[in-house]
Amino acid sequence: MAKVARMAADVVIVGAGAAGCVLAAKLSEDPRRRVLLVEAGGRDWHPAYRVPIMAGLLYGSPRGNWLSETEPEPALNRRRILWPRGKVMGGSTTINGMIWHRGRPSDYERWAAGGLPAWNWDAVLPLFRALERFEGGSCPDHGADGPVPVTLGTSDNPLHEAFLRSAEEAGHAATADYNAPPYEGAGRYHFTISGGERWSAARSVLQPALARPNLRVLRHATVTRVLFEGRRACGIGVASAGREVAMTAGRVILAAGTIGSPAILLRSGLGPASDLRALGIPVVDDRPGVGANLQDHLSLRVQHACLRPITLHALTRVDRAALAFLAAAVLRRGVGTTMPIGSGLHFRSNGSEPEPDIQAFFTPSHSQSTVRLPFMPAPPAGALQHAYSLSFYAMRPHSRGRLTLRDSDPASPPVIRAGYLADARDRERMHRALHLVRKIMAQPSFAPFRGEELQPGGDVTTAPDIDRWIAQTAGSAFHPVGTCKMGLARDPDAVVDQDLAVIGVEGLTVADASVMPSLTSGNTMAPAMMIALRCAQSS
């Protein structure tokens with residue numbers, strides 16, 4: 001493609017997701033700094049983005065979603081696993097489940113112990129508090145003056161209370177706050193929901209900054225690569241009408257996520273030299289860690305038929321779903337204003353674990369409900385109807401995967417090999433967790449509602465049977481991280497240092513979930529935004 005040089009900005013930020021929105025808003029506070037935010041997706045104007053219950057449909061919809069998927073996974077019957085990622089202003093915060101979960105203090109202490117002292121818990125807690133507008137007000141564990149609304153789940157479905165009581169009957173303590181000590185037990189999750197609406201990073205953090213004259217946003221722009229003068233980043237290439245338009249910048253910050261950021265680095269000539277040469281990409285720096293260290297939460301689900309018609313199955317009828325959507329979108333009330341995953345549990349898979357290693361999410365619905373038209377005959381006998389589910393995953397998996405390029409074309413999706421269950425310890429932990437989840441589902445408080453076990457099924461009891469069920473049904477919890485690992489320069493997998501500067505070059509930074517050395521113990525939206533704020537404050 002021909003290149004046409006354009007002056008862009010002092011700072012170019014690639015990606016308007018959880019991290020990019022924070023970076024753009026914070027960096028543009030200095031009126032002398034020209035900031036350009038580049039996003040491959042479009043505006044987040046559609047009403048569906050604001051209705052919380054629509055998250056389930058947005059996960060599988062091409063609207064605002066890259067719909068990435070892995071290569072056939074060897075441990076999962078060679079199935080390709082869906083990885084929804086936002087392709088819209090706000091990125092995945094515009095289509096995700098909205099859970100605000102920081103992880104555990106020990107996650108960040110592990111980062112610090114690995115040579116990253118600036119990322120210990122005492123250093124990151126003020127950043128989380130600065131982001132939060134906590135409904136309970138300011139306290140040592142929460143901030144109340146930040147841009148992101150943080151509220152407690154409000155779903156009033158009686159199955160949530162049955163779950164919480166059953167968890168206690170099974171020996172698990174209750175917790176009022178997963179983002180405060182002891183970070184363990186059964187309770188309600190926090191969400192970025194306020195006034196019955198989703199508050200994505202674009203809406204909560206970026207939108208108030210868009211009126212600033214020194215902040216520009218370029219949408220529907222595919223970044224081809226980072227441009228270099230010698231070993232210094234000097235801008236980005238953007239695909240436009242069959243050409244590559246060069247936009248110059250004093251500094252480039254990649255915030256394109258765990259898939260996008262390493263892919264851009266690889267196309268720019270930063271990565272394993274032999275791989276780049278094989279694709280005809282000139283090598284700027286032989287950096288073998290780009291795309292390595294890939295981690296994700298692998299999720300399983302135990303499901304029971306529900307004996308009472310109180311689940312969300314009613315919303316699978318299209319007329320009722322439409323009414324619920326309108327009530328939420330127009331009146332800001334009704335079931336559509338909540339996220340069904342209202343409650344959950346953090347627990348230890350066995351007594352020898354020093355801290356919780358399993359996270360679970362309760363939902364008063366079946367995962368495979370089918371939308372049906374009104375006044376049509378009932379589904380045939382055996383069809384899935386009223387049900388409830390408890391999903392779970394190992395918080396800190398040992399297995400690692402890798403992302404590579406398919407070819408040098410920016411339009412080609414990268415090759416994602418998640419490496420699920422490559423480490424036998426992850427499989428063993430899931431077996432132990434399944435036993436404890438079934439124990440919860442068998443408690444007296446579920447008795448009035450409990451029908452047959454639909455997944456994995458009452459006949460799945462032996463280790464080989466459980467392994468087959470895992471291979472057939474396990475899927476992503478949509479928390480991939482780690483492909484631009486933060487670490488010491490001597491670490492062969494490290495891509496950025498603890499200041500998030502790309503090792504081996506100048507003028508280039510990565511600030512998103514891809515820099516995490518290891519997964520945090522829970523959902524990854526809040527940590528990604530925290531990482532971006534840390535980057536912006538140190539700039």
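**View 1. Glu161 and its partner Arg188 in the predicted model.** Let's start with Glu161: at 36% relative accessibility, this residue counts as partly exposed. In this predicted model, the side chain of Glu161 meets that of Arg188 in a salt bridge, with 3.2 Å from N to O. The two residues link distant parts of the chain, since Glu161 belongs to helix α5 (residues 158–169) and Arg188 to strand β7 (residues 185–188), 27 residues apart. Is Arg188 buried or exposed? Arg188 is buried, because its relative accessible area of 15% falls under the 20% cut-off.

View 2. Asp107 counts as buried at 1% relative accessibility, while Arg110, at 37%, is partly exposed. Salt bridges with shared partners join Arg104, Asp107, Arg110, Glu355 and Arg396 into one network.

**View 3. Arg102 meets Glu132.** Side chains of opposite charge can pair when their charged atoms come close. In this view, the side chains of Arg102 and Glu132 form a salt bridge, again described from N to O, at 2.9 Å. Arg102 is in the loop between β4 (82–83) and α3 (105–113), and Glu132 is in strand β5 (residues 132–134), so their pairing ties together parts that are 30 residues apart in sequence. Both Arg102 and Glu132 are buried. How many salt bridges are there by this rule? The count comes to 27.

**View 4. Asn65 and its neighbours.** Look for Asn65 in the loop between α2 (55–60) and β3 (68–69). With 5% relative accessibility, Asn65 counts as buried. A polar atom of the Asn65 side chain lies 2.9 Å from the backbone oxygen of Tyr59. Leaving aside residues up to four places away in sequence, Asn65 touches Leu58, Tyr59, Gly60, Pro84, Arg85, Lys87 and Ile95.

**View 5. A nonpolar patch on the surface.** Which residues form this patch? They are Leu323, Leu326, Val330 and Leu331, and together they have about 410 Å² of accessible area. To get your bearings, pick out Val330, which is found in helix α9 (residues 318–331). Val330 is exposed, because its relative accessible area of 60% is over the 50% cut-off.

Key: Residues numbered from 1 in each chain as written. Predicted model: local features only at pLDDT ≥ 70, side-chain atom pairs only at ≥ 80, totals over all residues. Heavy atoms only, no water. Patch = residues over 30% accessible without salt bridge, like charges linked within 9 Å, V, L, I, M, F, W, Y side chains within 5 Å. Areas by Shrake-Rupley, 256 points an atom, 1.4 Å probe, with all protein chains shown as cover. Salt bridge = Lys/Arg side-chain N within 4 Å of Asp/Glu carboxyl O. Helix = DSSP H or I, 4+ residues; strand = E, 2+ residues; numbered from the N terminus. Buried < 20%, exposed > 50% of the residue type's maximum accessible area, 1.4 Å probe, protein only. Polar contact = N/O pair within 3.5 Å; in protein donor to acceptor, adjacent residues only side chain to side chain. Contact = heavy atoms within 4.5 Å.
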